[in-house]
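The following questions and answers are intended for a reader meeting this structure for the first time. Please consult the sequence and the model while reading.

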Amino acid sequence: MAASTNSFLVGNQTQIPSFKPKPISQSFLHLTKPSTVTLTSTRTKPVSIRCASTTVGSEPRVINFAAGPAALPENVLLKAQSELYNWRGSGMSVMEMSHRGKEFLSIIQKAESDLRQLLQIPSEYSVLFLQGGATTQFAALPLNLCKPDDPVDYVVTGSWGDKAFKEAQKYCNPKVVWSGKSEKYTKVPSFDGFEQNPHAKYLHICANETIHGVEFKDYPVPKNPNGVLIADMSSNFCSKPMDVSKFGVIYAGAQKNVGPSGVTIVIIRKDLIGNARDVTPVMLDYKIHDENSSLYNTPPCFGIYMCGLVFDDLLAQGGLKEVEKKNQRKAKILYDAIDESRGFFRCPVEKSVRSLMNVPFTLEKSELEAEFIKEAAKEKMVQLKGHRSVGGMRASIYNAMPLAGVEKLVGFMKEFQARHA
């Protein structure tokens, strides 16, 4: 990143930089050289503070393979930049708006409308924009949907499913009906391969395990005809079409595929709302948020605005069918490179359930993994280090990852192999 350095004084002559927003047509995140105004201070000793004026637009952005918070679409970032200072003539930034004002109401209502269109969400489902991450929902679900002694079933295909189960133990009577832990979370069970409790209030799955790269390609049906399927979809939310009507609740942190961190989206069938226990904290009660249209307290306004821009962008791409095609193409290129490396690179996940979003892989010569990550960073490919619990590498290739980014990674992998095989 190119940077020129300016300094200003804090003392008798204090110079405060004032920035003018640049239109979208100019370089992305280009900050102009600050002009200054002079204020009088009672301090007698000047202190020099160096301040970098940076230009990002003249330098290529890194290719960001982070698992979350993750890369956002560049055109979405540019749109947000153009509206940051003065949102559509309102005279204020989204970050300054009252969440009860007409301006923000239009933002959150359009975000919900576009999400409903993307996922074809039936009218009998509510959409909630919440906070606390998907992890907070691990507790909210049993508190809203069952009593302390009610049985519930969990299919554990990775770390997040396991954490959801452990949190549920505090609030109900959960049972792990299948776990992939003994095989290091590399598989998804056949749906007749686990025994459900016929009285379970719900069956919980993590649709895509971010850490281990395991993804459900189809979904089980609860054995209890009155039970519901619940899915944590944090890391494959809006990556492909899905039938929402198969689920009682879908929940997802936004920071992987649809926005910045700070927003949690819950899609819940309306008849499941209103049964929270008396001890349920008000901020975990779905009825409170539903009755107040996600505005019971101050929501993550700017995060919801960013999600809305992403939803609009996904619709402009042709919807989730087109998005899925792009994701399938990117994943195939990367998995093919791994499988065709004659064992130099390895993906431990069973091929039929490999994630389109998170691709974990290792090197045959594990001592080269640190060098691989270091050299990739020199080529502007970052956040390839695997999760601390599993090691190796992981490339997260969410919706915003361009095909060119995956192609560059594959080219680097082949060149690295040629030098070290």
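Q: How many residues does the largest nonpolar core have?
A: This is a predicted model, in which local features need pLDDT of at least 70 and side-chain atom pairs count only at pLDDT 80 or more, while totals for chains, interfaces and linings use all residues. Residues are numbered from 1 along each chain as its sequence is written, and side-chain values use heavy atoms, with hydrogens and water left out. A nonpolar core is a set of buried Ala, Val, Leu, Ile, Met, Phe, Trp, Tyr and Cys residues joined through side-chain atoms within 4.5 Å, where buried means under 20% relative accessible area, exposed over 50% and partly exposed in between, with a 1.4 Å probe and protein chains only. Leu119, Phe237, Ile265, Ile267, Phe311, Leu334 and Phe372 have the most contacts inside the largest core, whose size is 91 residues.

Q: Which helix gives the largest share of this core?
A: Helices (H or I, at least four residues) and strands (E, at least two) are DSSP runs numbered from the N terminus. The largest share amounts to 9 residues, and it comes from residues 301–316, that is, helix 6.

Q: Which residues does Phe311 contact, leaving aside its neighbours within four places in sequence?
A: Contact means heavy atoms within 4.5 Å. Phe311 is among the residues with the most contacts inside the largest core. Beyond its sequence neighbours, Phe311 is in contact with Ala111, Asp114, Leu115, Leu118, Phe129, Cys238, Val258 and Ile265.

Q: What span does helix 2 reach from its first C-alpha to its last?
A: The expected span of a helix is 1.5 Å times one less than its number of residues. Helix 2 covers residues 102–119, which is 18 residues, and the expected value is 26 Å. The span in the model is close to that expectation, at 26 Å.

Q: Against which elements do the buried residues of helix 2 pack?
A: The buried residues of helix 2 are Phe104, Ile107, Ile108, Ala111, Asp114, Leu115, Arg116, Leu118 and Leu119. An α-helix has 3.6 residues a turn, so residues three or four places apart point the same way. The partners of the buried residues of helix 2 are strand 6 (125–130), strand 14 (264–269), helix 6 and helix 7 (320–339).

Q: At what angle do helix 2 and helix 6 pack?
A: Axes are lines fitted to C-alpha atoms, for helices over the stretch in contact, and angles run from 0 to 180 degrees between N-to-C directions. Angles under 35 degrees count as roughly parallel, over 145 as roughly antiparallel, 65 to 115 as roughly perpendicular and the rest as oblique. Helix 2 and helix 6 are therefore oblique to each other. Their axes lie 9 Å apart, and the packing angle is about 40°.

Q: Which hand has the crossing of helix 8 and helix 9?
A: A crossing is left-handed if the near helix is turned anticlockwise from the far one by less than a right angle, and right-handed if clockwise. Helix 8 (residues 369–378) and helix 9 (residues 403–420) pack at about 130°, with their axes 11 Å apart. That makes helix 8 oblique to helix 9. The crossing of helix 8 and helix 9 is right-handed.

Q: Is Ser294 buried or exposed?
A: Ser294 lies in the loop between helix 5 (286–291) and helix 6. Leaving aside neighbours within four places in sequence, Ser294 is in contact with Ile108, Val127, Leu128, Phe129, His289 and Pro299. Because its relative accessible area is 4%, Ser294 is buried.

Q: What distance separates the C-alpha atoms of Val244 and Leu119?
A: Val244 lies in the loop between strand 12 (228–232) and strand 13 (249–253). Val244 counts as buried at 1% relative accessibility. Val244 and Leu119 are 125 residues apart along the chain, and their C-alpha atoms are separated by 7.2 Å.

Q: Why does Arg342 count as exposed?
A: Arg342 lies in the loop between helix 7 and strand 15 (345–346). Its phi is positive, at about 60°, although Arg342 is not a glycine. Arg342 counts as exposed because its relative accessibility is 71%.

Q: Which peptide bond is cis, with omega near 0°?
A: Most residues other than glycine have a negative phi, and most peptide bonds are trans. Pro69 lies in the loop between strand 5 (63–64) and helix 1 (74–83). The cis bond, with omega near 0°, runs from Gly68 to Pro69.
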